[in-house]
Amino acid sequence: MSLDVDCADVSPRSNFDWHDVRFIGAIGGRYAMASRPHRGAHKAPVYACRLCSVSTRLAVVVGPVVGRPGEDIIAHFDGFGLLRGCITRQLPSGFVMDLRLNATGREKLGRKIVWHKKHFYEQLEDRREHKRIQLREPRTVVTLGDGTQMPGFVIDVSSSGIALSTRSAPPLGTPLAVGRLVGRVARILEVGFAVKFLASQDIEEIETLIVPPQLAPITAADGDRA
């Protein structure tokens, strides 16, 4: 993920300064907080996330690590590309991000939003044919063998396993529970880790076993109150 973004507003004023557009949907991506490198690491850790809604000025994001208001964020979302900005408000397991764009960048993002609003549901139909799916609610709780719990973000899931992003990845082979499902860490990913379930699951019922009850919802309207 490149961190080079030109935020200087030197181009003519964007048409979207006058008439903003907004996309509401679920788009996978990744993000980093440049001010939070791991101890001994040369760059900030990268986490998986989901874009709940985006306009040419604000983005509502859910992910495993919630930053503080004013903290800089660099994110990349499928179809929207690299977005840079800062957190304006914390949400339950997420945040509202104020986008830093020059007029040219705002114009490009506005055109991408218009395109996604027209074609998003066609993409959803294609994804239903794939074995691995994205849950409607990507938040979960990971419980380690010693009882330690940490919030997790579900990247995708199948009947045999799940890909997650958390603040830190457990070592390979670690036994744990994701919600009420038990498994072991089978693979380390760039943005998290994969868990293989001890038993195969019914894909139609898996969300009720993974997502904890009474989660405060994150909605597109959260961006309106930033």
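1. Basis of the values. The model is predicted: local features need pLDDT of at least 70, side-chain atom pairs count only at pLDDT 80 or more, and totals for chains, interfaces and linings use all residues. Residues are numbered from 1 along each chain as its sequence is written, and side-chain values use heavy atoms, with hydrogens and water left out.

2. Overall composition. The protein contains two helices and 12 strands, where helices (H or I, at least four residues) and strands (E, at least two) are DSSP runs numbered from the N terminus. From the N terminus on, the order of elements is β-β-β-β-β-β-α-β-β-β-β-β-β-α.

3. Of the 226 residues, 45% are buried; buried means under 20% relative accessible area, exposed over 50% and partly exposed in between (1.4 Å probe, protein chains only). Among contacts (heavy atoms within 4.5 Å) between residues at least 6 apart in sequence, 63% join residues at least 24 apart.

4. The barrel. Six strands form a closed barrel in the order β1-β2-β3-β6-β5-β4, with antiparallel pairing. From one strand to the next, the twist averages 45°; axes are lines fitted to C-alpha atoms, for helices over the stretch in contact, and angles run from 0 to 180 degrees between N-to-C directions. Strands count as paired if DSSP finds at least two bridges between them. The antiparallel strands β2 and β3 (residues 58-62) are joined by four bridges, and V54 has A59 in β3 as its bridge partner.

5. Residue S55. S55 belongs to strand β2 (residues 46-55) and is buried, at a relative accessible area of 10%. A polar atom of the S55 side chain lies 3.1 Å from the backbone nitrogen of R57. Leaving aside neighbours within four places in sequence, S55 contacts D20, V21, R22, L99, L109 and I113.

6. Residue G81. G81 is placed in strand β5 (residues 81-91) and counts as buried, with 16% relative accessibility. Residues up to four places away in sequence not counted, G81 touches A75, H76 and K112. The C-alpha atoms of G81 and G29 are 9.1 Å apart, while the two residues are 52 residues apart along the chain.

Methods:
A polar contact is a pair of N or O atoms within 3.5 Å; within protein, one must be able to donate a hydrogen and the other to accept it, and residues adjacent in sequence count only if both atoms are side-chain atoms.
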